[in-house]
Amino acid sequence: MAESKTDAGMLSPYRVLDLTDERGLLCGKILADLGADVIQVEPPEGNSARRIAPFLRDDPKPDHSFFWWAYAANKRSITLDVARSDGKQLLQRLAASAHFLIESGRPGEMEALGLGYEELAAINPALIVVSITPFGQTGPYATYLASDLVGMGMGGFMYVTGDPDRAPLRVGFPHFYLHGSAAAATGAMLAHAQRVHTGAGQHVDVSCQEAVARALANSLAGYPIEGSIIVRQGSYRQTGAGTFMRITWPCKDGFVNFQFSGGASSGVSVNNFVRWMAAEGMADEYLQSLDFTSLGYGTVSREMLDRIVPPVSRFLLERTKQELFAGAIERRILLFPVSTLGDILEDPQLQARQFFQTLDCPQFDAERTVLGPFARASAAPIKGGGVPPSLGQHNIEIYEHELGLARSDVVRLRGAGVI
Amino acid sequence: MKPDDPTRPLGQLKVLDFCWVVAGPMTTSYLAEYGATVVRVESRRRPDVLRTSPPSRVKGKSLNGSGYYANYNANKYALGLNLSTPKAIDIVKRMVAWADVVSENFTPGTMERMGLGYEELRKVKPDIIMFSTSMLGRGGPRSKLPGFGAVLSSLSGMTGITGWPDRDPTNPYGAYTDFIIPRFAVATILSALDYRRRTGIGQHIDLSQLETSLHFIAPLLLDRANNGREGARTGNQHDAAAPHGAFPCQGEDRWVTITCMSDSHWIALRQVLGDPQWMLDERFHTLLGRKHNEDELEAKLADMTRAWDSEELVEALQAAQVPAGLVHTNKGMIEDPQLAYRGHIVYYEKAEIGRHPVQRSEFRLSRAPAARNWPTPFIGEHTRLVCRDILGMTDADIEPLLAEGVLEEPTAEPAASS
């Protein structure tokens, strides 16, 4: 692209202290990918995210957690027990020159350590403190304990996901805290935009429940506007009080996702699909009599679907994921394979954009594959994955070289279990 | 139009917004909520599909009745502009000269075809920040594939890993990836603005919604790439915790999540349920024992929870420090006391839509109090205002353009959807 890239990322002047565990790591990861100097402050025994499976070669070493790889890469690591008096003092010294501090403790936990927002602001009034909690800092549920599953249920997402004859279902990977910690990066940058004008920092109070609530599509408004309770429909989706669309369909070798509904975009796609079926002699009169572009999104009733689904299913079951996808691309039909992880690694579009990257990792005996950046920008690089820091990898660099501690004191603090 | 307000985070930011459907408009909704002047360009000739999406109280076709659309477009200005006319492209370029950010989520190549690609915009405004997001990113063999988030859930692997081990995969509700994108996107746009402030250099951001979404399952992809393990559907179970699931309560389709992440959670659960004999079974004393007998454990636990009122059970478990919660319906979310306490949902009145909820962002900034501005505009509602206040046009300039159909205003009769 046009500008010559520099190595400096967009946020290169800024330093972030990241005190989060697995519930908040993604916030700092996004800022690190955008170029900030993010220091992961780990307890001396290591961040709890280092214990999360899966592990490289199923060997559960602290540096082998792929959760850690995914959300701690591009950060530096120091060890520090902020509950100790020396630890607290060191954190205060670091906070004096930092631009952001991110934490995911329970509400009140930082205050109990004497490191609440007011205390930190007294040291550095320009500091932006980001707190990531399940329900926010205050309110009736503020002190509720929440695992991922609890959060996805309280966020309204589970009730509408899954099969109607079974329990509500979570998304297959823990997303409750990822929604909140991704949103925290946005909140941090909004606070920064204000700081640019006012010089003042502030406290950003993130609620993961609200973050998941923002992923509920149109279901939230469905109740006050139409009085509808949206229920889970398995392969179908309820789009309104009496309207549905079919989403997931079995095919010859797996599943495809094909949004069978009206509306400006979907309607064209479905019309094209019916034409394909007709060309293969598999569309009945009823299907061919419908014009899905004039139906509008979310106007297909259950009765209509009962007539539409059987012939469409027959057509799909005779064809493989890749045959259907290739045919769909050719005909501008919105049909996609339900990708397995292996399908994703072999995806030609991702390959053309060189999304997956190999790193030479002698410490892990081989080349290892990591993900590319979450976005691209023409003038400043956005980082992709990398090898995450080992525990306390940057202790000397930061405590001795940057903070000016004597090497003997660094060693002494390690011996005392402070770092 | 509202004056610039430098006390708000984005009180001086100017955005020309071509986004439609969800991922794009939700991205710019954060900017509008925090003070940016966001001018959304739309035409009745190709209306945003969300404008005709449920829920709505309007019978028949209306471009102004959708509660779905309303959730992402409050606090924005609506400029009605028919982009198929050369005069409209000239107006866009005058708007680009005004803007800091131009945002769009068309299929790659669409802006270029209209003469509004990044290189063209730079000629008008050399330091413009252009935000482009598409399903699969720019460049590559499938760049121009159309589609939106409901299908992208599948392409990104989310659908394949969601479901019961003995059944077909299930799509996560809604256009799921659309709601993942904006948090990454806003952070990137604001970072680009900071970079421009320091260096004077604008840029073009290319966000592939597939690539961004993959960061939400990154550990599984690393496992597949480096260990060769394919993902599996595990229902609600957790590899290192048991019980971990949704359990039925009194009433129809009422559920409570219960997750014992440690021995202390298990013991507290047992006490809340009155120390039933089966829970004292030696096989359930350890995590490994509970994991190895999880199906039986879940069935027995469900037999007990069925006798409970869901709210009472959650209160009792939380009081005993067990992570547990209600499985909220959409009604439950609307009535949730925590969300109400936080003011997560604000209600607006507007003709056609009526009283409707709009969600606020999921964080509270201590120095940027909530500003409740205005509800979602009708299509073309601010055409005259934008032309006058931003472009300095007079009624004599505006009227002929309205008559020619270059500019559009709200109409009384129902608009034809194409």
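This is a predicted model: local features need pLDDT of at least 70, side-chain atom pairs count only at pLDDT 80 or more; totals for chains, interfaces and linings use all residues.

Visitor: What makes up the secondary structure of chain A?

Guide: Chain A comes to 17 helices and 13 strands. Its C-alpha atoms fill a box of roughly 85 × 50 × 45 Å along the principal axes.

Visitor: How do you know what share of the residues in chain A is buried?

Guide: A residue is called buried if 20 or more other C-beta atoms lie within 10 Å of its own. By that count, buried residues make up 56% of the 419 residues in chain A. As for contacts with a separation of 6 or more, 66% of those in chain A join residues 24 or more positions apart.

Visitor: What makes a residue part of the contact between chain A and chain B, and how many are there on each side?

Guide: Contact requires C-beta atoms that lie within 7 Å. On that basis chain A brings 135 residues and chain B brings 127 residues. On the side of chain A that touches chain B, helix α7 (residues 176-198) of chain A gives the most, with 16 residues. By class, that side of chain A has 79 nonpolar, 42 polar and 14 charged residues.

Visitor: Which strands pair in the antiparallel sense across the two chains, and how do you know that they pair?

Guide: Pairing calls for at least two bridges between two strands. Strand β6 (residues 203-207) of chain A and strand β12 (residues 363-365) of chain B have 3 bridges and run antiparallel, so they count as a pair. Within this pairing, A:Val206 stands opposite B:Phe363.

Visitor: What is the order of the open sheet of 7 strands?

Guide: The order is β3(A)-β2(A)-β1(A)-β4(A)-β5(A)-β6(A)-β12(B), and the pairing is mixed.

Visitor: Why are β3 of chain A and β12 of chain B said to stand at the edges?

Guide: Each of them has a single partner strand, so one side of each is left without a neighbour in the sheet. Neighbouring strands of this sheet are turned by 20° against each other on average, direction ignored. Inside the sheet, strand β5 (residues 128-133) of chain A runs parallel to β6(A), joined by 5 bridges, and A:Val129 stands opposite A:His203. Helix α16 (residues 395-402) of chain A lies across β2 and β3 of chain A, at about 75° to β3(A).

Visitor: Which strands are the edge strands of the open sheet of 8 strands?

Guide: That sheet has the order β13(A)-β6(B)-β5(B)-β4(B)-β1(B)-β2(B)-β3(B)-β13(B), with mixed pairing. Its edge strands are β13 (376-377) of chain A and β13 (407-408) of chain B, each pairing on one side only. Strand β4 (residues 101-104) of chain B runs parallel to strand β5 (residues 129-134) of chain B over 4 bridges, where B:Val102 stands opposite B:Met130. Helix α3 (residues 86-98) of chain B lies across β1, β2, β3 and β4 of chain B, running at about 155° to β1(B).

Visitor: Why is helix α1 of chain B called largely enclosed by the rest of the structure?

Guide: The test is again 20 or more other C-beta atoms within 10 Å. In helix α1 (residues 23-33) of chain B, 11 of the 11 residues are buried, so the helix is largely enclosed. Among them are B:Met26, B:Tyr30 and B:Glu33. Just after α1(B), B:Gly35 takes a positive phi of about 110°.

Visitor: How far apart are the centres of the two domains in chain A?

Guide: The domain assignment gives domain 1 (15-214 + 389-415) and domain 2 (219-338) in chain A, and their C-alpha centres lie 42 Å apart. Their contact takes 8 residues from domain 1 and 7 residues from domain 2 of chain A.

Conventions
Residues are numbered from 1 along each chain as its sequence is written. Chains are lettered from A and ligands numbered from 1 in the order in which they are written. A residue is buried if 20 or more other C-beta atoms lie within 10 Å of its own, exposed if 12 or fewer, and partly exposed in between; C-beta atoms are placed from the backbone. Two residues are in contact if their C-beta atoms, placed from the backbone, lie within 7 Å. Ala, Val, Leu, Ile, Met, Phe, Trp, Tyr, Cys and Pro count as nonpolar, Asp, Glu, Lys and Arg as charged, and the others, Gly among them, as polar. Domain bounds come from an automatic or database domain assignment. Axes are lines fitted to C-alpha atoms, for helices over the stretch in contact, and angles run from 0 to 180 degrees between N-to-C directions.
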